[in-house]
Amino acid sequence: MPLKDIQVLNEKETRAGFGEGIYEAGKANDQVVVLTADLAGSLKLGPFMKDFPERFFQCGIAEANMMGMAAGLTIGGKIPYTTTFANFSTGRVYDQIRQSIAYSDKNVKICASHAGLTLGEDGATHQILEDIGLMKMLPGMTVIVPCDFNQTKAATRKIAEYTGPVYLRFGRPKWPNFTSENGEDFIIGKAQILSEGKDVSIFACGHMVWKAIEAGRILEEKGYSVELINLHTIKPLDTAAIVASLQKTGCAVTVEEHNVIGGMGDSVAQAAARNHPVPIEFIGTNDTFGESGKPADLLVKYGLDTPNIVAAAEKVMARK
């Protein structure tokens, strides 16, 4: 499909997609339980709390304790979803996740909202840009970064059926919503090819998929053939899809709302280095913390905006 034909259905928060998805997961499976660290409102848990109060646990501002509780609940067959901001879901509780969840291979779903620069005005202390790296390095941890409301909703439902620890990352602001409403285009571990092309591969995840679509449209108008892939599952990585794309285009751009050190781009580069080395340009934050500001302004300041993706694509094509 040409990128110009991708239609925006509406603009919705990915965290709202999580709220609807967890409610549907709870309706479908009475083993699903939800824990939160004093952020039920921010994570849109109201409907789940109302209809399944016996399966909802308010842990207070005690994230480490929440992770321990979640690990324990799996022993009785429950499927616990932990919910808080991405910063508190990872950096604050890394030891508990490593020891009690990942090392023990517990079936815990770590659901992390308000990730990346688009958290906006809350500033650097909350805009975690290292979490994908932290979580993908844990043996056995699945890492998923959906791109819009519909895909976040689908991912939230489907991880209930997926055995093993999962890190699900999503965001705060309203964002273009364009994937299928039924979620059929989301398969854990399977990259989503949004457009096929022969000149350049663009791999993106999360909010940056839409920015990559905008950039791809500009490139198409300039006469370039763009292959755009939504790499929503960063681990397990769809290496076959990555290599097949690189074999066609011979170069790539990676786009993520995360530090370029340790993020999705590193995973793509490793797949390329092992299987089909090509020139790659990386769009993401460059070894820096964020700051307080409006989401759109922060994306521009840190180089995660549409013109920078276009420039990176043109630069990498010239390197072939």
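Start by selecting S201 and T249: their side chains are joined by a polar contact of 2.7 Å. The model on screen is a predicted one.

**Stop 1: S201**

Keep S201 selected and show the secondary structure. S201 sits in strand β10, which covers residues 200-204. Is S201 buried or exposed? Its relative accessibility is 0%, and buried means under 20%, so S201 counts as buried.

Now display what surrounds S201. Setting aside neighbours within four places in sequence, the residues in contact with S201 are E227, S245, L246, T249, C251, A252 and V253. Keep L246 on display, as L246 of α9 returns at the next stop.

**Stop 2: helices α9 and α10**

Select residues 239-249 for helix α9 and residues 264-275 for helix α10. Two packed helices are described by the angle between their axes and the distance between those axes. For α9 and α10, the axes come within 10 Å and cross at roughly 65°. Angles of 65 to 115 degrees count as roughly perpendicular, so α9 and α10 are roughly perpendicular to each other. Their crossing is right-handed.

Which residues make the contact? On α9, show T239, I242, V243 and L246; on α10, show V268, A271, A272 and N275. Six of the residues in this contact are nonpolar, two are polar and none is charged.

Look at the spacing of these residues along each helix. An α-helix has 3.6 residues a turn, so residues three or four places apart point the same way.

**Stop 3: helices α3 and α5**

Next, select residues 63-75, helix α3, and residues 94-102, helix α5. At what angle do α3 and α5 pack? The angle is about 5°, and the axes are 9 Å apart. Angles under 35 degrees count as roughly parallel, so α3 and α5 are roughly parallel to each other.

To see the contact, show A64, M67 and A71 of α3 together with Q96, I97, S100 and I101 of α5. Sorted by class, the residues of this contact are five nonpolar, two polar and no charged.

**Stop 4: helix α7**

Finally, select residues 149-158, which form helix α7. How many of its ten residues are buried? Eight are, so helix α7 is mostly covered. Colour the buried ones to see where they fall: F149, N150, Q151, T152, K153, A154, A155 and T156.

How values were computed. Residues are numbered from 1 along each chain as its sequence is written. This is a predicted model: local features need pLDDT of at least 70, side-chain atom pairs count only at pLDDT 80 or more; totals for chains, interfaces and linings use all residues. Side-chain values use heavy atoms; hydrogens and water are left out. Axes are lines fitted to C-alpha atoms, for helices over the stretch in contact, and angles run from 0 to 180 degrees between N-to-C directions. Helices (H or I, at least four residues) and strands (E, at least two) are DSSP runs, numbered from the N terminus. Angles under 35 degrees count as roughly parallel, over 145 as roughly antiparallel, 65 to 115 as roughly perpendicular and the rest as oblique. A crossing is left-handed if the near helix is turned anticlockwise from the far one by less than a right angle, and right-handed if clockwise. Contact means heavy atoms within 4.5 Å. Ala, Val, Leu, Ile, Met, Phe, Trp, Tyr, Cys and Pro count as nonpolar, Asp, Glu, Lys and Arg as charged, and the others, Gly among them, as polar. Buried means under 20% relative accessible area, exposed over 50%, partly exposed in between (1.4 Å probe, protein chains only). A polar contact is a pair of N or O atoms within 3.5 Å; within protein, one must be able to donate a hydrogen and the other to accept it, and residues adjacent in sequence count only if both atoms are side-chain atoms.
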